[in-house]
Structures are given as C-alpha cells and as structure tokens.
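This report goes through selected features of one structure, topic by topic. Please keep the sequence and the model at hand while reading.

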Amino acid sequence: MPPAEWLQKADEESDAKRPRRSCSHLVRDDSYYIRRSIQSVGGLLWSAADIAMAARLFSSTNTRHPTVVFAEEEEKRRVFTLVYDVLRYKSILNKALSDLHFFKKHPQFQERYQHVWLLFFDLYKRDFSPRDALDAKEETEFQEQGLFEIEIALWNTRVRLAATVARLRIKNGAHSLSMLIPQHLQQKKSTLEEAIITGWVNGFRNSVKDVCKAVENVSISSLPKNEDDLHPMTYKTDHLLPRFIHIMPSSREDIVHLPIVLNHHLILQERTFCIGPAVMAQLLKDFALTGIVAQTHVNSIVTMAYFANLLVNNEKIEKLHVFGAGKKRDACIQYLKHLGVNNTEVHEDNFADLSPDNHVLNNVIGVLATPPNTNSSVIDPVDLALARGGDLELLHQLTVEDLSRIPSREEIEHLLTEQQETLRRAMSKPQIQFIVYETHSRFESENSEMTNVLIEELNTYARDMHLEELKKSQGEKQSEQPEKPEGEQTAEDKETLEKEKSIEHEEPPAPLPNIVVPLSDLFELGTLPNLCPGNEKCLNLQSEGVYLALIKRKEITRLDPKYMIKMAESRGLFGRSEGSKQKQQSGQSSKAKATLAALQNRSDSLNDSKKGNKIKVEMERIAAPTRSSFLKDSRTPVHVPDPCPRHAYHLSQDGKPKVKYNPRVWWKELSIYLLTYLSNPDVELPPLKLTRIKKRKIKLRKIKKRIRTPFPVSVNYLEFHSEESDLPPDSHFTSLSSIMCSFESKNFSAP
C-alpha cells in the first residue's frame, strides 16, 4: 500500500487520537525539515533511503562483517551512525513499547524488534509527524524490508507512544531522552566539536603543504597561531600527531566530496586510534634502533595505514609487519594498495600463535601490541566500526547497558588470555627491545595490572634461567673432580665423605650467591615520550580514551657503530681512562679471569677424547697471551714477558733492528711478481722471496753506441764434377774423402 493511502486510512481510523499539532500534508520548507530531523552523534542527517539501508543492516546474519553494499563511504557513515543511535536509545524505546504491550498486540513483530526500534526512533525524531513523501526507489526498498506494516502499527499508536515517552522523561526529571540513557552512551562532544572533521595526510600520495592548499581553495583559512579553538571555515594541524589536520567546514559535504578525499590524499579518521602509532614512531627515533617493526593485530585498517606513513620517513626502519589479519588479509592489502602504501606486509597468522622457529620476527626490534580489548573507553565507536570494515557486532557490544560496571574475570577471560599471550610472545624474543601496549579500556585488569604482572613474571623467569645455568656450571665443576677408588681412599677421605653425607641429610643446602642478571634480560615500565616539547601536559590519555604503556628492556641493545664502540670502551679495549677507579679495574680483571677459567675448564673437560685434545690445543693457542696483548692490556698490571725468539733475533741489544728494511723494495718486488703472474697465469712461478737487506744501487756508466762496419770476407764456391766410373759403391765414399783432404791441404796449409 503506498504511504499516502495508508496515512489517509490511519488518519480516518484514529481521528480522535490526533496530536494537538496539525499533521495535515502541508508543504514544509527546509527549516522545518532541519528542525525535526535527527542529528546523530556525528552531526549527520539521514533520509528514508538511509533508514531502509539500516533495516537491511539489522537483517544481516553476519554481524561481524555484514554483506550490505553502500554507494559511497559517506552513506555508510550515515547508516552506521543511525544504527548506533538506535542502539544507544534501545533501553528507552523498549521500555515505552513494553508499557503499551506493543509486542503482545503485534506478536508478528517480536522477531523483528530491531526494525521496530528503528522506525520508532525515527518517528520520535520526527516529533510524531507524518513522513515526507517517498520516491519510487525508497518505496521499493521499504517494501523489500517489510517496513510499511511496522510503520502503520506505530503510527496508529503514535499518541500513546508520545505520551509514554513524555511520562518517562518527566518521571526522571530529564529535559531530553539523552539524559536517560547510560552515562557511557551519552554524547561526550559538544555541538561545535561534532562539526570538526579530522584526518591525516597520506604521504604516499601527497604532502601536507599541498593538502592544506587544496583546503584553502574551498575558502577554509588556516587558524591563527595565537588561537586554539576552531571556528567555522578554519583548519589547523594537530599539535601532537604528525600529518594530522582538523577542519571545521560549514557543512560536511564541503570536505567529503573534495578530490583530495576521493583520491585518498586526505584520509578521514578520529585521532584517538592514531596516538599509539605516533608514540611508537617517536620512540623509534629516540632509541635510534635499526630493523623491522611489528604490529600484533589489525584493530583498524586505517590506523595501520597511518602507522606505515609515520615509518616511511625513518631510514633505519626497513618494513612494517602486521599480524592477525585473518580472512581480512586480502581486503587489507587491497586498501593499502589504493593508498599507495609499499612498506607494509600483512600476515593472516595470529601473533601469539607464531612458532619459535618462524623467521618472520628475526629482525624485529619494536612491537606495537594492540590485542583485542573491551573498548569500553572508545570515544567514537562509529569510526572504529567503520575502520574495521563495518563491524556491526562492535556497536552491539559497546551499547550494552551495564558496560559501565567492572566485569568479572570470567566474563573477559578470553580477552585477558589473548593480551597475556601477545605480550609474552613479544617479550620472549631477545632482539625485541621495547613494546608499546595499547588498549581502549577503562578497566585496570586490562591496563596497568596486565603490564605489571607480566613484567614481574618475565623478570622472575629470567632470574630462574640464570640460576639454572649457574647450577649446571657448578654441577660440571663437581663432576670434573676425580674420585678416588675405594681401594685408594684413606681413612681421612672416608671420614670427610661421611660427614658431608650426614650434613646433607641434616641441614638444607647452602643458598647460592646472588644471581646477577644482565640488564638486557630484564624489563621495566618506561616513560612515554613527550610528543610536544615545551608543554608537558599536552596529552591526556584518559580524556582521549586510550591507555598506553611502554615496556622496555633496562638496557637497550643497539648493533650500530656507536653502541659497539661504547661496548668496546667499557671492556677496556681502547685503553684505560685517567679517571677510572681501582674498583672497576679489579672487577674487570676478576671477570676476565673468570672467563679464562671457564674456557680452561671447558677445554679440560674434553681431554678424554681425541676431539677434546684437539679443542684443548686450539683453545690454548688462541687464549695464549702475546707480547702485544700484554702491552695493550689495561685491566691488569703491565708485565712484559721475555721476547719471543723471533723477536729477539730481529732486535739488537739497544732495541733497534739490526738490518734496515725498506718496505718500498718489498712492494716493488711484490708488484713485479704479481704483474708477471697476471701476464702469464699458466706459468708456475717460484715462491716469492723478499730481499732482507737493502741492496745498494749500482750506477752503470752509459756506453756510447758506435756504428760498426762488418769485416769483409771472401766467399769461394767449389764445384765438383766426377765422371762415372766402374768403381764399386763402397769405394765412392773413399775417393770423396780423399779429394776433400787434398783440397784442405792445398788451401790451408802453412806457407
């Protein structure tokens, strides 16, 4: 039935129940529409289409991740704001309906009680006047959700409903129904504060300067420096959070439809969930740590992107690892891709369930722990629900009437267990130097009690581990002492053994000495950094609805060059300072002796095997002092032993070398050797022998080149011709030799 027909029929049936103000269908101007329309917690106005979308949202079976699709982000915010307002007032709405026995008269609506709350709340905010005419699309949506039947039933009892609401208000002395809802559900912001839009600049897309220029282009000017409170058509940057902006436009639509918002240059978000990442980023700069940063849970996709923006300018931070995404991992990666974030890896695994063999945390030096909590101190639940992708179940949890009371441990046992396991996992990794623990709860069991108990537990565990190592070392020393066989034991030995056994049975063992635990293995609560120097009280965490705790090691370990130099100086590797105390020297020497004794005992314990003998020889060779180490040792009195044979051979009695060496000669010989080898790599060269004695340079006299003429030599050609003869072959060789001999005798005989 169209709305005009059922409204006319309802007016005819209940003509006697008309309110004093006329409800005739008159054309209303915009001022009347604004006066009777609801203004939600976020200062938004909704329409009939938003009511139909809210009804669709209430009908969703998956309250954690509803499947309702919205046209734009602003429509989604309006609908979730309407749903949150209905859930805030549900106790009063349900009380008025119960007084009129509405569900007994209309039992078909008992399972659709949330739709009844929705339309009753809208009727109350319309001052129980008729709804404006719906267009064709809105009528179709109302019919699909079955809202016309509920609205007819409520309209027929509108007078009694109005009287019941007024009676409840007067009975409790409240000027408005907002004073009847629980304290934790009342609005915590003023009307002017509700008109302020907050957000942060996406550094992967644009700069703060360019975004401010785009805001100024729509006639919104910057707030003067001598003023703190915003007024309409002004903006300012946040004094705590980097890249954060506050804007007060004339209407919200002036900002949400700007290109900088649509293109993800300016991300709209409430500032409460950005304080933890800002503190974490500042601590990374103060501690000057190098490595990877981890976030334990995805409490908000938008907050995760803001954290990545703060880390992109820190050159020492390699990457951000975010855990606990679960089924939302693909949605998180897609959102980060839209924003241009390229320094973040999202993991679906739970941080507390990571195995010790997992190498993901190998280079992690800091952790932002954001485990699930009650969120009992959240200032803007709608913004948190939207940041989680539209978490309707969160709004149901935060609108419980008795949320203000302190819950029992059994009620929040699953949350406390998740928080404990998350912190234990983060504190058990030796490379993690500090953890920032963030909750949005007002219960001490989730805040200070949780951190204090875990710090005490981990420090006790560290002492127990060092005590166990000490017992093992003492047990090894006792086992290393050789026991005499029974035949070789004397009477005195037997008496001492009997006395020791009797003492063990009579008296408890003597207490072990005080365990000295390294400071790098102990944790403590640190002081949060000052985000606004010059103003110590610029951050009030309680008013922001957030709890932050810094859990850090008592001694931060940095593997940068400065820290390594400092450690070397503390161990005396660079010499002894003039102002050093003798007590420190004795402590260092005793520590060095203890270390050498431990190495010696460890090597002696392996003497029985061949491998042990080899290790012993190697340890003795490595640990043996040298002349250079004695001269440079600042922890013990300088005692120079006798020079080694090689050193004595090369030194004379006056301490000077016998032979003057010339390094230039060695470098020259080496260069010639190398060049020869490089030119002929296949040729095997003899071993290089450097010249020990400097060779004198021999000056060679230059000889003038003379032009020599060759001596004239006469050349004679001899030709032999022999006629064929009948001599045998053997006689031919004899005749030839006789001819040669006669030739020589004729030409070279003496005169």
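## A nonpolar surface patch

Leu-675, Tyr-677 and Leu-678 make a nonpolar surface patch of about 350 Å². Patches are built from residues with over 30% relative accessible area and no salt bridge; like charges are joined within 9 Å, and nonpolar side chains (Val, Leu, Ile, Met, Phe, Trp, Tyr) within 5 Å. Accessible areas come from the Shrake-Rupley method with a 1.4 Å probe, and for residues only the protein chains shown count as cover. Leu-678 belongs to helix α29, residues 663-679. Helices (H or I, at least four residues) and strands (E, at least two) are DSSP runs, numbered from the N terminus.

Is Leu-678 buried or exposed? Leu-678 counts as exposed because its relative accessibility is 62%. The cut-offs are under 20% relative accessible area for buried and over 50% for exposed, with partly exposed in between (1.4 Å probe, protein chains only).

## Basis of the model

The model is predicted: local features need pLDDT of at least 70 and side-chain atom pairs count only at pLDDT 80 or more, while totals for chains, interfaces and linings use all residues. Residues are numbered from 1 along each chain as its sequence is written, and side-chain values use heavy atoms, with hydrogens and water left out.

## Salt bridges

The structure holds 18 salt bridges. A salt bridge is a side-chain nitrogen of Lys or Arg within 4 Å of a carboxyl oxygen of Asp or Glu. Side chains of opposite charge can pair when their charged atoms come close. One of the salt bridges joins Arg-77 and Asp-383, whose closest N and O atoms are 3.6 Å apart. Arg-77 lies in helix α4 (residues 73-88) and Asp-383 in helix α18 (residues 381-387), so this pair ties together parts that are 306 residues apart in sequence. Both Arg-77 and Asp-383 are buried.

Another salt bridge links Arg-126 to Asp-122, with 3.0 Å between the closest N and O atoms. Arg-126 and Asp-122 are both buried. Glu-151 forms a salt bridge with Arg-131, and here the closest N and O atoms are 2.4 Å apart. Because Glu-151 lies in helix α9 (residues 147-156) and Arg-131 in the loop between α7 (113-125) and α8 (136-145), the pair ties together parts that are 20 residues apart in sequence. Glu-151 counts as buried at 7% relative accessibility, and Arg-131 counts as buried at 13%. Which residues do shared partners join into one network? The network consists of Asp-122, Arg-126, Arg-131 and Glu-151, joined by salt bridges that share partners.

## Positive phi angles

The loop between α7 and α8 also holds Phe-128. Phi of Phe-128 is near 60°, a positive value in a residue other than glycine. Phe-128 is buried, since its relative accessible area is 11%.

Met-233, also a residue other than glycine, has a positive phi near 65°. Met-233 sits in the loop between β2 (221-222) and β3 (234-237). With 23% relative accessibility, Met-233 counts as partly exposed.

## Buried residues and contacts along the chain

Helix α9 contains Ile-150, which counts as buried at 0% relative accessibility. Ile-150 and His-106 are 44 residues apart in sequence, and their C-alpha atoms are 9.3 Å apart in space.

Leu-454 is placed in helix α21, residues 448-480. A relative accessible area of 1% makes Leu-454 buried. The C-alpha atoms of Leu-454 and Gln-420 are separated by 7.4 Å, and the two residues are 34 residues apart along the chain.

## Cavities

Rolling a probe the size of a water molecule over the atoms shows where empty space is left. How many cavities of 30 Å³ or more does a search of the whole structure find? The search finds three. On a 1 Å grid over the protein atoms alone, a cavity is a set of points where a 1.4 Å probe fits but cannot get out, and lining residues have an atom within 4 Å of a point. Grid points are joined across faces, edges and corners, and a volume is the space filled by probe spheres set on the points.

The second largest cavity holds about 40 Å³ of space. Its lining is made up of Leu-100, Phe-102, Lys-105, Thr-157, Arg-160 and Leu-161. Helices α6 (102-105) and α10 (158-171) each supply at least two residues of this lining.

Terms used: On a 1 Å grid over the protein atoms alone, a cavity is a set of points where a 1.4 Å probe fits but cannot get out, and a pocket is an open set with protein on both sides within 12 Å along at least five of seven lines; lining residues have an atom within 4 Å of a point.
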